[in-house]
Amino acid sequence: MQTKLTLRLEEQLIERAKAHAKKRGKSVSQMVADYFSLLDRDDQPETLPPITRSLRGALKGAVVDEDTYREYLEEKYL
């Protein structure tokens, strides 16, 4: 069941949203509904591009700070 929702926004923001929606071939209502549907999804990482998903957790537990990075650069370039 669909129901009406009223949002109070700055006029410029509304115009930008309408222009963006038109470029995408959607209504502003559909864009808002799409966004709201993403808010409570448990599998949000699945919406990431595959390359980003593959890097997730790659540095888990690693100690990476400025000194470590500087040492890496020195070894690589000197």
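User: About how many helical turns separate arginine 70 and glutamate 66 in helix H4?
Analyst: The model is a predicted one. Arginine 70 and glutamate 66 sit in helix H4 and are 4 residues apart. Because of that spacing, the separation is about one helical turn.

User: How far apart are the closest N and O atoms in the salt bridge of arginine 70 with glutamate 66?
Analyst: Side chains of opposite charge can pair when their charged atoms come close. The cut-off for a salt bridge is a nitrogen to oxygen distance within 4 Å. Arginine 70 and glutamate 66 form such a bridge, and their closest N and O atoms are separated by 2.9 Å.

User: Is glutamate 66 buried or exposed?
Analyst: Buried means under 20% relative accessible area, and exposed means over 50%. Glutamate 66 has a relative accessible area of 56%, so it counts as exposed.

User: What are the relative accessibility of aspartate 67 and the relative accessible area of arginine 70?
Analyst: Aspartate 67 counts as partly exposed, at 47% relative accessibility. Arginine 70 is partly exposed too, and its relative accessible area is 40%.

User: How many salt bridges does the count come to?
Analyst: Lysine 26 pairs with aspartate 34. The count of salt bridges comes to 3.

User: What is the N to O distance in the salt bridge of lysine 26 and aspartate 34?
Analyst: Lysine 26 is partly exposed, at 39% relative accessibility. Aspartate 34 is partly exposed as well, with a relative accessible area of 25%. Their side chains meet in a salt bridge, N to O, at 2.5 Å.

User: Which residues gather in the patch of negative charge on the surface?
Analyst: Patch members need over 30% relative accessible area and no salt bridge, with like charges joined within 9 Å. Glutamate 71, in helix H4, has a relative accessible area of 47% and is partly exposed. The patch is made of Asp65, Glu71, Glu74 and Glu75.

User: About what area does the nonpolar surface patch have?
Analyst: The patch is made by Leu5, Leu7, Leu9, Leu13, Tyr35, Phe36 and Leu39. Leucine 7, in the segment before H1, is partly exposed at 46% relative accessibility. Leucine 9 also has its place in the segment before H1, and its relative accessible area is 45%. The area of the nonpolar patch is about 700 Å².

User: How far does helix H1 reach from its first C-alpha to its last?
Analyst: Helix H1 covers residues 11–24, which is 14 residues. At 1.5 Å a residue, the expected reach is 20 Å. The reach in the model is close to that, at 20 Å.

User: Which residue follows H1 with a positive phi?
Analyst: The phi in question is near 70°. The residue that follows H1 is glycine 25.

User: How far apart in space are threonine 6 and lysine 76, C-alpha to C-alpha?
Analyst: Threonine 6 lies in the segment before H1 and is exposed, with a relative accessible area of 59%. In sequence, threonine 6 and lysine 76 are 70 residues apart. In space, the C-alpha to C-alpha distance is 57 Å.

User: What is the C-alpha to C-alpha distance in space between alanine 17 and threonine 68?
Analyst: Alanine 17 belongs to helix H1 and is partly exposed, at 21% relative accessibility. Alanine 17 and threonine 68 are 51 residues apart in sequence. Their distance in space is 44 Å.

Conventions
Residues are numbered from 1 along each chain as its sequence is written. This is a predicted model: local features need pLDDT of at least 70, side-chain atom pairs count only at pLDDT 80 or more; totals for chains, interfaces and linings use all residues. Side-chain values use heavy atoms; hydrogens and water are left out. Patches are made of residues with over 30% relative accessible area and no salt bridge: like charges are joined within 9 Å, nonpolar side chains (Val, Leu, Ile, Met, Phe, Trp, Tyr) within 5 Å. Accessible areas come from the Shrake-Rupley method with a 1.4 Å probe; for residues, only the protein chains shown count as cover. Lys and Arg count as positive and Asp and Glu as negative; His and the chain ends are not counted. The place of a charge is taken as NZ of Lys, CZ of Arg, CG of Asp or CD of Glu. Helices (H or I, at least four residues) and strands (E, at least two) are DSSP runs, numbered from the N terminus. Buried means under 20% relative accessible area, exposed over 50%, partly exposed in between (1.4 Å probe, protein chains only). The expected span of a helix is 1.5 Å times one less than its number of residues.
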